[in-house]
Amino acid sequence: MSRPDPNPSPKPPPVYQVRDLGKRYGAVRVMQAISFDLAAGATVAITGPSGSGKSTLLHCLGGVDRPDEGLVAFEGQDLLSMQNESIAALRRKKIASIFQFFYLLPTLTVEENIQFPLLLKEDPPTERRRRVKEMMAAVGIEHRAHAYPSELSGGEQQRVAIARALIVSPSVVLADEPTGNLDRRNGEIVLELMQRLIHQHATALILVTHSQEAASICQQQWVMEDGRLSGNSSSRAGR
Ligand SMILES: Nc1ncnc2c1ncn2[C@@H]1O[C@H](COP(=O)(O)OP(=O)(O)OP(=O)(O)O)[C@@H](O)[C@H]1O
Ligand SMILES: [Mg+2]
């Protein structure tokens, strides 16, 4: 029988601990009673009708919007009591976002866009160049390294956005309909790529999508309806 490890490595805290999150715009409640834990490296898809509050939830998890009620802890830290600079630092290093419309910087090349998040860290230039090359290869865009976003197809732009998101080895990727603006084939390519890289880097993922096929790349599928989440552990526990 194997002996117990005298120094077991401590279990990492959940990426997110969310409790009773709520938000309203005027009289309209767009999120209510949302509670869940997201473990390190876990992947979850959120589907649900248009206007049900999916993007609002992602914004609150990313610290770019504030709920009116509830708690969000990111890796054990209370996100809602953080100063803007601390949230900005988290968004540079730990919380990456991928969007439907890519949002690459139009005046930077592919290579420069992917490198951009690293300029805000203090890595030596040789390490930076190595990482950029590695990420360009991982998303198959090396041959367009010197192209500008306007010279790329939608699928290529999203591959650059994925490389840019993952280059800092974030703890979580928040993806809001990342295939929503792509044709079927490019959507599949982008999903396969996200799935592979997220797995390789043990990154957690929250994927908002209208596509059941896209949702199926995640370990868990949750549904948002009228601002309420179902399918997540706390709703199963009847809370
Ligand atoms: N800044 C705002 N002011 C007022 N209402 C807003 C604002 N942002 C969002 N809403 C409303 O909140 C609700 C939830 O919006 P949200 O964008 O989160 O939906 P969604 O589930 O992401 O929809 P979609 O699938 O169409 O992207 C909608 O009714 C929307 O009109
Ligand atoms: Mg949305």
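**Sheet pairing, ligand shell and burial**

User: How many strands form the open sheet, and in what order?

Analyst: The open sheet has four strands in the order 2-1-4-5, with antiparallel pairing. Strand 2 (28–38) and strand 5 (77–78) are its edges: each has a single partner strand, so one side of each has no neighbour in the sheet. The structure is a predicted model, in which local features need pLDDT of at least 70 and side-chain atom pairs pLDDT 80 or more, while totals for chains, interfaces and linings use all residues. Residues are numbered from 1 along each chain as its sequence is written, and chains are lettered from A and ligands numbered from 1 in the order in which they are written.

User: What joins strand 1 to strand 2, and in which sense?

Analyst: Seven bridges join strand 1 to strand 2 in the antiparallel sense. Tyr 25 has Val 28 in strand 2 as its bridge partner. The hairpin of these strands has two residues between them, and Gly 26 takes a positive phi near 60° there.

User: What makes a residue part of the shell around ligand 1, and which residues are in the shell?

Analyst: A residue is near a molecule or strand if its C-beta atom, placed from the backbone, lies within 6 Å of it. The residues around ligand 1 are Tyr 25, Val 30, Gly 48, Ser 50, Gly 51, Ser 52, Gly 53, Lys 54, Ser 55 and Thr 56. Helix 1 (residues 54–62) gives the most to this shell, with three residues.

User: How many residues of the shell around ligand 1 are nonpolar, polar and charged?

Analyst: The shell has two nonpolar, seven polar and one charged residues. Nonpolar covers Ala, Val, Leu, Ile, Met, Phe, Trp, Tyr, Cys and Pro, charged covers Asp, Glu, Lys and Arg, and polar covers the others, Gly among them.

User: Why is Gln 221 called partly exposed?

Analyst: A residue is buried if 20 or more other C-beta atoms, placed from the backbone, lie within 10 Å of its own, exposed if 12 or fewer do, and partly exposed in between. Gln 221 has 16 such atoms, so it is partly exposed. Gln 221 lies in strand 9 (residues 220–225).

User: Which residues is Gln 221 in contact with?

Analyst: Contact is defined by C-beta atoms, placed from the backbone, within 7 Å. Leaving aside neighbours within four places in sequence, Gln 221 is in contact with Ala 45, Thr 47, Ala 215 and Gly 231.

User: How do you know that helix 1 is mostly covered?

Analyst: Seven of its nine residues are buried, namely Lys 54, Ser 55, Leu 57, Leu 58, Cys 60, Leu 61 and Gly 62. Gly 63 follows helix 1 and has a positive phi near 80°.

User: What makes strand 8 largely enclosed?

Analyst: Five of the five residues of strand 8 (residues 204–208) are buried, so the rest of the structure largely encloses it. Ala 204, Ile 206 and Val 208 point one way, and Leu 205 and Leu 207 the other way. Strand 3 (residues 43–47) pairs with strand 8 in the parallel sense over four bridges, with Thr 43 opposite Leu 205. Strand 7 (residues 172–176) also runs parallel to strand 8, joined by five bridges, and Asp 176 has Val 208 as its bridge partner.

User: What makes a set of residues a nonpolar core, and which members of the largest one touch the most others?

Analyst: A nonpolar core is a set of buried Ala, Val, Leu, Ile, Met, Phe, Trp, Tyr and Cys residues joined through C-beta atoms within 7 Å. The largest has 58 residues, of which Ile 162, Ala 163, Val 173 and Ile 206 touch the most other members. Helix 5 (residues 154–166) gives the most to this core, with six residues.

User: How do you know that the radius of gyration of the protein chain agrees with a compact globule?

Analyst: The radius is taken over C-alpha atoms, and the globule rule is 2.2 Å times the number of residues to the power 0.38. For 239 residues a compact globule would have a value near 18 Å, and the protein chain has 18 Å, so the two agree.

Note on methods. Two strands pair if DSSP finds at least two bridges between them. Two residues are in contact if their C-beta atoms, placed from the backbone, lie within 7 Å.
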